[in-house]
Amino acid sequence: MTVSGSDHPSRAAVFLADPDRSGWHDNALWQIRGRRDQRARALPEWEALRALAGRIKAHTLSELPEYLTSFEANARRHGAEVHFARDAAEHNRIVLDLLRSRGITRVVKSKSMLTEECRLNPWLEHHGLEVTDTDLGELIVQLRREPPSHIVLPAIHLRKEDVAQTFSRVLGAPPLSDAQSLTEFARQHLRAKFLAAEAGITGVNFAVAETGGIVVCTNEGNADLGTSLPALHIACMGMEKLIPRAADLPVFLRLLARSATGQAITAYTSHYHGPRPGGELHIVIVDNGRSQLRAEPEHRSSLYCIRCGACMNTCPVFRRSGGHSYAAHVPGPIGSILAPLRKPTEHQSLPHACTLCGSCTAVCPVGIDLHEQLLTLRRRQVDGPALLELNGTAYRASTLKRTFTALAGWVLASSWRTAWLGVAVRFLGHRFPALMRLGPLGRWSKTRSLPALPLRSFHEEYARRQARLPRASGRPSRGPGQ
Amino acid sequence: MRIDHPNPRVALFVPCYIDQLYPDVGMATLELLEAHGVRVEVPPQQTCCGQPLINTGAVAAARPLAERFESTFGEYEHIVCPSGSCAATLRRHPHLLGGQPAGASGRVLELCQFLVQVLGVEHVDVDFPHRVALHESCHGLRELGLGRPSEMGAGFVPKPNPGRQLLEGVRRLTLVEPERADECCGFGGSFCIVEPDVSARMGTDRIDDFERSGAQIITSGDMSCLMHLASLMAAQRRPLAVMHIAQVLVGRPIPGTGEPGTGAGR
Amino acid sequence: MNARDAILAGLRAQVVDPVALPPLTGEWVRYTDPVEQFCAAVGQAAGSVVPVSASADVTQVISELDVVRQAMVRCSLVSGVQGNFAGSTDPHAFRHVDVLIVAAELGVAENGAVWIGTGAVKVRAALFLAQHLVVLLPRAEIVDNLHQAYERIGAALSLGGYGCFISGPSKTADIEQALVVGAHGPRSLTIVLCSAESLAVEIKVP
């Protein structure tokens, strides 16, 4: 595999080239993982909740069409309008139509990974609308014209000097040096936006089929400010956000904030049923490939994801390479499953951006077998069934890789071929050490020494040892026990 | 699981990289088992557990290796392996390779697990007056469940950690703890070639942590992790050394000192 | 075929193994002193609790709170507590409110959250535009965990409207993980913990 500018390893190298920044990033996310751990150990029913949450999601997915229709009926009963979108383009058209038909040009938006997935902002801006992201982290990256690097902590890749410089450059802020005054500046800036907004777009954390209500969780109160002031509220959700009953909400809410930030709950957990008095609520339910995921038994559980980000906080690779190195709107372990399933060629390096340590699976609040699915994707790249692009073309790993692994398998399947390969490597390695730095081994020795090659393999040593033993016994001279 | 037979017959599975690069780890394993009365047999037709192929996605290429494992080890009731990751891979052959019935591979036990849980060894008769840090390998901890992964919350019932148990019983050995209990070392098989920068950063951070903890020796039930850390340390000229847990438990001298250890097998 | 029908038809055509909805019976956490746990959790969420004994005058305690004394514009949604801004049906009208006084239906010990529903506040923007929030909560209405809370509010949810679990003031750590209390919503949250008898809570519609 050649290293180019367009894969995870090369982008990770860029991130790591700044050891202060990458070290800070790693440590900051590790601290959040630590806060999650404290919460997980303090709540006696933690592991039981995880198991329960996974089962509820599995059940909901197994009866998704029924839950979608009952959610729709109940939401309508409260006066909400419900729209369906097959793909990102349809979603974007629906949202644009709702805004344009009302002559709306000023929109505020709280955090929604779905709208990132559909690239809603550029679409609306292209059509002359002003869209302000109101989650502070999202605002910062919006002003910098870059994507968020984490689904819960969008600006975790930035230091406060970066934020100060951005506020100054784009918003004309005075020189500010601490988080408190920077946040105060953003507060005033956004307050004006909230008061002037003509529509508020939110995501949806949970959609409850039984009640027809939607739940949005924030710490800043920005979803509520964005939807309680303008008359129009547009809520965008992937169809996997459904859960059956209100009584299921506490299972997920108790897991969500603890997993995401180590808080017991977010500052605001808002429940919307129908529009506010004098207002409108439009809910847009999006497929965009979720049906296909549901049809894949090995990857169906990736739809359980409640977008908590715990997998990113714990992943030793994510912490050291940063979210931008994944070049996917959802990065990290879950993103390394979702992105290659959608665009296998573009994201072919993501399933390999992982040591299979299993930490992600251990923290996932809904029990997705994240690292197992990454391994499955690797298998599909080599052995198939092939991953398909949207247009149907199949992705396969390079011929070189497939040939090399088949050859390696052939050698390793035989004890004498393996032994002879070992003899050859030891002979050449002792005579011509420079050979040990060729090709892939060169990448090893960029930062590492190579292990010293022993004179003889274990099997050769063992055979000599056995030859030296008295003929009749291969038994040890000591008796049993210590 | 306990055996009561005084001289049980056990097959030793020697991971391919230990065979080729670290034969003394195999020897130490052999000596450790024999010191506890085990009749060790080393079937010569054995090869590789297939992990390097499986982990890179070449599962079909690994299937002949699984067949060879079954034909080589099928007659043995007890199979021991001085590597958590190889043991985990073997035990998961049916799941990883698909369509295989569970066979000999399901009977593989990691070395410390075998000593403690099958032979009932409570402590090893060895003197090792050094400061040792145990690197918990991801496979040993999270796949084989030998201990309590730090991610697990309340309600998780951990299984015992036999490697740690044995180290705690070694005379004059001081076990020191890193700040991050069980973070991955960054080896990850093909990962260290495919993602060399992240791999080196992960390994270096781990070494920093062990160094801050005051360790002289980093030990583990997985030589692959130690190989990765050792190669970084050599390039960075660090004062710590690595030893496989079998080498510690038979009292090998710490690398670079030539001081003799005392104890079983020497 | 429209999008809705196409999506539903596609899903129905898939064969997915049935998974039963698991029962929600569980040993959810209980506290020996839920009120104490609640107060600690509110503190962790950067809020504060002012306990009022049964014999004390709640309205006096509220009027003596710093955020109330220093407020120029006070809006009270609780009868018996005076404000100088009667409220409005227009959400924007609340933008000058310095302190909003409102009643919560219940509190949750495990996370320090209070539930404020449609009955308590007709114009939800008030909860977020006010610079400071003062919430009255009868201590008898503190439950141990979130499951118990949803048992209490579940039926009302089906009837519609708006409700919010509020835990502490608005906050963010989006800049270098430094916690800043008072992000876009209220800068502070004070919970006045009273007994049911000490205040006859009647929700006034603004």
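At 6% relative accessibility, A:Arg380 counts as buried, where buried means under 20% relative accessible area, exposed over 50% and partly exposed in between, computed with a 1.4 Å probe and protein chains only. This is a predicted model, in which local features need pLDDT of at least 70 and side-chain atom pairs count only at pLDDT 80 or more, while totals for chains, interfaces and linings use all residues. Residues are numbered from 1 along each chain as its sequence is written, chains are lettered from A and ligands numbered from 1 in the order in which they are written, and side-chain values use heavy atoms, with hydrogens and water left out.

The partner of A:Arg380 is A:Glu296, and the two form a salt bridge with their closest N and O atoms 3.0 Å apart. A salt bridge is a side-chain nitrogen of Lys or Arg within 4 Å of a carboxyl oxygen of Asp or Glu. A:Arg380 lies in helix H18 (residues 370-382) of chain A and A:Glu296 in the loop between helix H13 (290-294) and helix H14 (310-314), so the pair ties together parts that are 84 residues apart in sequence. Helices (H or I, at least four residues) and strands (E, at least two) are DSSP runs, numbered from the N terminus. A:Glu296 is partly exposed, at 25% relative accessibility.

Chain B holds a pair of this kind. B:Glu31 and B:Arg252 form a salt bridge, the closest N and O atoms being 2.9 Å apart. Because B:Glu31 lies in helix H2 (residues 23-35) of chain B and B:Arg252 in the loop between helix H13 (245-249) and strand E10 (262-263), the pair ties together parts that are 221 residues apart in sequence. B:Glu31 is buried at 14% relative accessibility, and B:Arg252 is buried at 6%.

Back in chain A, the side chains of A:Arg86 and A:Glu90 meet in a salt bridge at 3.1 Å, N to O. Here A:Arg86 is partly exposed, with a relative accessible area of 35%, whereas A:Glu90 is buried at 13%. Over all chains, the structure holds 61 salt bridges.

Seven salt bridges are counted between chain A and chain B. One of the pairs joins B:Glu151 to A:Arg33, with the closest N and O atoms 3.7 Å apart. On the side of chain A that touches chain B, helix H2 (residues 19-42) of chain A gives the most, with eight residues. A network of salt bridges links A:Asp26, A:Arg319, A:Arg320, B:Arg180, B:Glu183, B:Arg201 and B:Asp205. In total, 80 residues of chain A are in contact with 81 residues of chain B, contact meaning heavy atoms within 4.5 Å. The two chains bury about 6,600 Å² between them, 59% of it on carbon and sulfur atoms; buried area is the accessible area (1.4 Å probe) that two parts lose on being put together, summed over both.

Chain C has six helices and 11 strands. Its C-alpha trace spans about 65 × 45 × 40 Å along the principal axes. Of its 206 residues, 53% count as buried. Among contacts in chain C between residues at least 6 apart in sequence, 73% join residues at least 24 apart.
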